[in-house]
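Morning, everyone. Please have a look at the sequence and the fold on the screen.

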Amino acid sequence: MESLPTTKRGGARSKPVQTSKSSLVMAFFSCVAWLYVAGRLWQDAENRNLLASLLKKNSAQRPKVLTVEDKLMVLGCRDLERRIVEAEMELSLAKSQGYLKGQGQKSSSSDPRFLAVIGVYTGFGSKLKRNIFRGSWMPRGDALKKLEERGVVIRFVIGRSANRGDSLDRNIDEENRTTKDFLILNWDADFYVKVDDGIDIDLEGLIELLDRRRGQDGAYVGCMKSGEVISEEGKPWYEPDWWKFGDEKSYFRHAAGSLVIISKNLAQYININSVSLKTYGYDDTSLGSWMMGIQATYIDDSRLCCSSIRQDVSSEIEG
C-alpha cells in the first residue's frame, strides 16, 4: 500500500502561518512607531505654543521704552533728590538760626551785580585773626558798607559746629550780630575771591585788578603752582588719594589756596555740580582738578603768591 504524502502536505501549510505572524509583528511595531512619532510631533507643537504664549505675555508686561522713573531708579537719582531736599531744609534752618538771618534779599534781575565777593576762610578759634583783619586791610562798620556801594563784598566764611547750638555757634552768632561780616550766600558778582585768614592783602590793588577784568568769563586767577604729592600718612600735606596722581606723584597746575579768584560762570558750574565733583585732601587741589575739565582760562601771577600779596597787586595782570 502506498503511504500518504502527509509530510509534504503539512510542510506546505506551515509557511503561510509563519508569514502571517511576521506580518502581524511588523504591523504592530509600525503602529507603535507611528504613535511615537505622532506623540512627539504633538508634544513639540504644544511646547512651541506654550513658549509663544509665555513670550507674548512677557513682552506685554515689559515696557518697550524706559520711563523717566525707571531711569532715575537706575541712576540712583532718587537718593540724590532726597539729599537735595535735606540740604534745602538745613539751609532754611541756618537762615532762621544764624548767619543768613536779616542779611538782605535774594538778588533779582533789577539788583546791581557786585564786582566781587571776597570770602575769608576762618575757624571757630580764629577770633583774634579776624580782629587783626578788621584792623588792617578789611574795613568794618560803615566803611564795610561803603565798600559794598563800590561793588565789593567781604565776609568771613565759616560753617556750623558739629554740635549745633553749642557755645561755638553761639559765640559766632554773637560776633556776627556785632560785626555783620560773616558769609551771605546770595550775592551776584562778576568774581568770587577766596582768601585765607592768615595773610594780608592790598585791598585797593585787588579791587583794581578785578575791575580791569570785569565781565570776563572763565577766569581762574591765582599763584599757579605744582608740587610733590605727599603719600606718607602723618606728614604735612598728606594726600589720601596720592595713588591717583601716577608714578611721578606730582600735582597738576593749580592756584595756591591762600588767594584764588574765579569768575561767576565757574562759580555757577561748581555750585550746580557740587554733588558729583571729586574733592581731594585740600581745597586748592580740588578746585584745580575741577578747572582742568572745563574751559577755564588760567591766569598766573606771582604777585598773588602768599609771599608777594602785599606788593604791587594793583598792577594790571596780563593773561
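**The sheet and its cores**

Strand S3, residues 189-196, and strand S5, residues 250-263, run antiparallel and are joined by 5 bridges. Take lysine 194: its bridge partner in S5 is valine 260. Keep in mind that this is a predicted model.

Now zoom out. What is the order of the strands in the open sheet? It reads S2-S1-S3-S5-S4-S6, so to speak from one side to the other, with 6 strands and mixed pairing. The edge strands are S2 (152-157) and S6 (297-300), and each pairs on one side only. On average, neighbouring strands here are turned by 40° against each other, direction ignored.

Next, a helix. Helix H7, residues 203-212, lies across S1, S2, S3 and S5. H7 runs at about 135° to S1, which spans 114-121.

On to the packing. In soluble globular proteins, nonpolar side chains tend to be buried together. The largest nonpolar core here has 31 residues. Among those with the most contacts inside it are Ile118, Trp137, Leu210 and Ile261. Which element gives the most to this core? H7 does, with 5 residues. The core also draws at least three residues from each of domain 1 (112-180 + 192-211) and domain 2 (215-306).

Look at isoleucine 118 up close. Leaving aside neighbours within four places in sequence, its contacts include Ile154, Val193, Leu203 and Leu206.

Last stop: a second, separate core of 13 residues. Met224, Ile262, Leu266 and Met291 are among them.

Note on methods:
Residues are numbered from 1 along each chain as its sequence is written. This is a predicted model: local features need pLDDT of at least 70, side-chain atom pairs count only at pLDDT 80 or more; totals for chains, interfaces and linings use all residues. Side-chain values use heavy atoms; hydrogens and water are left out. Two strands pair if DSSP finds at least two bridges between them. Helices (H or I, at least four residues) and strands (E, at least two) are DSSP runs, numbered from the N terminus. Axes are lines fitted to C-alpha atoms, for helices over the stretch in contact, and angles run from 0 to 180 degrees between N-to-C directions. Contact means heavy atoms within 4.5 Å. A nonpolar core is a set of buried Ala, Val, Leu, Ile, Met, Phe, Trp, Tyr and Cys residues joined through side-chain atoms within 4.5 Å. Buried means under 20% relative accessible area, exposed over 50%, partly exposed in between (1.4 Å probe, protein chains only). Domain bounds come from an automatic or database domain assignment.
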